[in-house]
Amino acid sequence: MEDQREALRKIITTLAVKNEEIHSFIYSLKQMLLNVEANSAKVQEDLEAEFQSLLAVLEELKEGMLMKIKQDRASRTYELQNQLAACTRALESSEELLETANQTLQAADSEDFPQAAKQIKDGVTMAPAFRLSLKAKVSDNMSHLMVDFAQERQMLQALKFLPVPNAPEIDLAESLVADNCVTLVWRMPDEDSKIDHYVLEYRRTNFEGPPRLREEQPWMVIEGIRGTEYTLTAFMFRLDASTSHQNLRVDDLTVEWDAMGGKVQDIKAREKDGKGRTASPVNSPARGTPSPKRMPSGRGGRDRFTAESYTVLGDTLIDGGQHYWEVRYEPDSKAFGVGVAYRSLGRFEQLGRTAASWCLHVNNWLQVSFAAKHANKVKVLDTPVPDCLGVHCDFHQGLLSFYNARTKQLLHTFKAKFTQPLLPAFTVWCGSFQVTTGLQVPSSVHCLQKRGSATSSSNTSLT
């Protein structure tokens with residue numbers, strides 16, 4: 001009977017997995033239908049825009065060439081009309097002289113003939129007809145303005161959609177996953193000299209096997225890759241339970257407030273080693289080989305946070321580069337803070353109260369407030385409080401930016417000169433939160449940072 005039950009369980013599991021695959025495929029097909037509509041509308045819009053641009057260029061060229069013809073016609077007409085008017089006046093003058101000469105020849109009075117003949121001779125000598133050029137100043141030939149667009153017409157008739165290159169093939173043998181880095185190597189199935197650059201899209205997943213469609217993590221895009229190799233680096237850390245406040249129950253990347261935590265932990269610690277000191281989980285064999293930047297204790301072996309400093313630090317130092325992580329906190333938490341701190345932060349010191357820490361702080365106790373804090377200075381943020389915050393730290397540029405993790409809206413930026421390595425820092429009172437690490441810096445955050453220097457400068461009054 002038990003064997004039959006086990007066989008039935010396997011069949012049910014197989015069927016459930018298949019059903020999940022079918023559901024995923026159905027979702028994929030529906031998404032593809034939506035994408036077909038959206039993408040076809042986009043390419044149609046692009047096509048119409050390209051043809052409108054082409055027509056605009058042709059219309060501009062046509063107007064320019066017509067203007068050239070009109071100007072040439074006006075110039076030639078002006079020259080020919082002037083020459084025609086001059087010839088007409090010369091002809092009228094000659095006809096008058098000719099009539100006068102005929103009248104003189106027919107006159108009976110021979111005494112006045114010599115004088116009249118001399119006047120006619122002088123008039124002929126000075127007549128405009130003898131100073132005229134009987135050659136047209138301009139030609140009536142307009143062949144230099146003729147056109148033949150046969151070649152261009154052939155080019156237009158050859159217009160077609162852009163060729164799509166074959167998809168690159170990932171070289172699994174050369175690709176490598178190590179040290180929180182993924183080095184991806186690819187090659188083209190056929191050589192294509194027209195390829196200018198590659199675009200890499202990736203998405204973080206918590207599942208093995210092919211990526212699932214219904215996941216919260218968005219697709220990230222990296223553009224302008226010139227080579228056929230790219231390395232994705234991720235900043236990963238855990239929360240250091242050995243130095244956290246005793247009222248914080250720390251489990252890897254999850255923290256929950258525990259009003260009795262200090263007493264319970266003291267009892268467990270005494271039962272374990274009889275010294276009233278809690279062993280650090282950092283040295284647990286289950287954690288494996290630590291990163292070179294991962295501290296054996298986030299604060300160099302000093303005592304844990306105490307009193308009202310309900311603080312927990314990350315266990316991996318930030319001493320360069322750009323890093324991004326997200327934290328989702330329980331909205332009912334009475335107080336919550338997220339930021340960075342030097343590892344020298346005192347055990348009694350609260351985040352944002354000293355020059356050794358920077359943070360955003362949410363207070364739901366008595367009255368709701370959302371503020372940026374540093375060196376005991378406070379700047380109230382006039383924006384809705386998101387339930388998930390993204391933190392972007394650019395160590396070398398001295399930038400610490402906070403975002404709405406869902407919309408990537410910039411909430412605040414600290415501008416500072418970090419003189420020591422930093423540690424991710426968190427605080428919570430009567431609540432809980434969960435951290436997500438190993439994330440790439442979102443492309444939208446990169447874009448906002450490039451064009452956000454003016455924006456960040458207005459948010460740096462606390463540095």
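**Exercise 1. In which helix is the place of Glu 95?**

The model is predicted. Start with position. Glu 95 lies in helix α1, which covers residues 2-106. The relative accessible area of Glu 95 is 47%. Glu 95 belongs to a surface patch of negative charge, together with Glu 92, Glu 96 and Glu 99.

**Exercise 2. Work out which residue forms a salt bridge with Lys 42, and how the two are placed.**

Begin with the general idea. Side chains of opposite charge can pair when their charged atoms come close. Now find the pair. Lys 42 forms a salt bridge with Asp 46. Their closest N and O atoms are 2.9 Å apart. The cut-off is 4 Å, so this pair qualifies as a salt bridge. Then check the spacing. Both Lys 42 and Asp 46 lie in helix α1. They are 4 residues apart, about one turn of the helix. Lys 42 has a relative accessible area of 48%, so it is partly exposed. Asp 46 is partly exposed too, with a value of 34%.

**Exercise 3. Find what Arg 249 pairs with.**

Take one partner at a time. Arg 249 forms a salt bridge with Glu 256, with the closest N and O atoms 3.1 Å apart. Arg 249 also meets Asp 258 in a salt bridge, at 3.0 Å from N to O. Arg 249 is partly exposed, at 41% relative accessible area. Glu 256 is partly exposed as well, at 39%.

**Exercise 4. How many salt bridges does the count come to, and which residues are linked with Glu 2 in a network?**

Take the total. The count comes to 12 salt bridges. Among the residues involved are Lys 42 and Asp 46 from Exercise 3. Now the network. Glu 2 is linked with Glu 6 and Arg 9 in a network of salt bridges.

How values were computed:
Residues numbered from 1 in each chain as written. Predicted model: local features only at pLDDT ≥ 70, side-chain atom pairs only at ≥ 80, totals over all residues. Heavy atoms only, no water. Patch = residues over 30% accessible without salt bridge, like charges linked within 9 Å, V, L, I, M, F, W, Y side chains within 5 Å. Areas by Shrake-Rupley, 256 points an atom, 1.4 Å probe, with all protein chains shown as cover. Salt bridge = Lys/Arg side-chain N within 4 Å of Asp/Glu carboxyl O. Lys, Arg positive; Asp, Glu negative; His and termini not counted. Charge placed at Lys NZ, Arg CZ, Asp CG, Glu CD. Helix = DSSP H or I, 4+ residues; strand = E, 2+ residues; numbered from the N terminus. Buried < 20%, exposed > 50% of the residue type's maximum accessible area, 1.4 Å probe, protein only.
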